[in-house]
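Hi,

Here is the model I said I'd pass on.

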Amino acid sequence: MDGYHAPMKISELAAATDTPVDTLRYYEREGLLPPPARGDNNHPHYAAAHAERLPLNRQARGLAITRREISTHLA
């Protein structure tokens, strides 16, 4: 992901991070991933910052940290 700054569709973010689209949507709903920017057509556009946050979510879940604790920490 280094140096990649072009906006991505959710499918591109999923492919780039080896994370299922459903998981990304779940992380968004739970506040574990910030809302994406919206384009003129109101489609979401994800950035490298979204991809950079995913490893932290995975590590925290592996340590049995709750969604609420992760969300509070990321806020």
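Residues are numbered from 1 along each chain as its sequence is written, and side-chain values use heavy atoms, with hydrogens and water left out.

pLDDT is the predictor's confidence in each residue, from 0 to 100. The protein chain has a mean of 79, and 68% of its residues reach 70 or more. Confidence is highest in helix 1, at 92, and lowest in helix 4 (residues 67–74), at a mean of 64. Where pLDDT is low, the predicted coordinates should not be read in detail.

The overall layout

The protein chain has 4 helices and 2 strands, and from the N terminus on they run α-α-β-β-α-α. Of its 75 residues, 27% count as buried; buried here means under 20% relative accessible area, exposed means over 50%, and partly exposed is in between (1.4 Å probe, protein chains only). Taking contact to mean heavy atoms within 4.5 Å, 49% of the contacts between residues at least 6 apart in sequence join residues at least 24 apart.

The core

A nonpolar core is a set of buried Ala, Val, Leu, Ile, Met, Phe, Trp, Tyr and Cys residues joined through side-chain atoms within 4.5 Å. Which residues make up the largest nonpolar core? There are 11 in all: Met8, Ile10, Leu13, Ala14, Leu24, Tyr27, Leu32, Leu33, Tyr46, Ala51 and Leu54. Helix 1 (10–17), helix 2 (21–29) and helix 3 (48–62) each supply at least two residues of this core, and helix 1 gives the most, with 3 residues. In soluble globular proteins, nonpolar side chains tend to be buried together.

Leu32 is one of the core residues. It sits in the loop between helix 2 and strand 1 (37–38), and Leu32 is buried, at 0% relative accessible area. Its C-alpha atom is separated by 9.6 Å from that of Leu56, 24 residues apart along the chain.

Which residues of helix 1 are buried? They are Ile10, Leu13, Ala14 and Thr17. An α-helix has 3.6 residues a turn, so residues three or four places apart point the same way.

Ile10 counts as buried because its relative accessibility is 14%. Leaving aside neighbours within four places in sequence, Ile10 is in contact with Val21, Leu24, Arg25, Glu28 and Tyr46. Ile10 and Arg25 are 15 residues apart in sequence and 8.7 Å apart in space, C-alpha to C-alpha. Asp22, in helix 2, has its C-alpha atom 9.7 Å from that of Ile10, 12 residues apart along the chain. Asp22 itself counts as exposed, at 58% relative accessibility.

Thr17 is buried too, with a relative accessible area of 12%. Its side chain makes a polar contact with the side chain of Thr19 (3.1 Å). A polar contact is a pair of N or O atoms within 3.5 Å; within protein, one must be able to donate a hydrogen and the other to accept it, and residues adjacent in sequence count only if both atoms are side-chain atoms. Thr19 lies in the loop between helix 1 and helix 2 and counts as buried, at 4% relative accessibility.

The tyrosines

Rings of Phe, Tyr and Trp (its six-membered ring) pair if their centres lie within 6.5 Å; planes under 30 degrees apart count as stacked, over 60 as edge-to-face and the rest as tilted. By this rule the count is 1 aromatic pair. Tyr26 and Tyr27 form it, and it is tilted, with 6.1 Å centre to centre and 50 degrees between the planes.

Cheers

Methods
Predicted model: local features only at pLDDT ≥ 70, side-chain atom pairs only at ≥ 80, totals over all residues.
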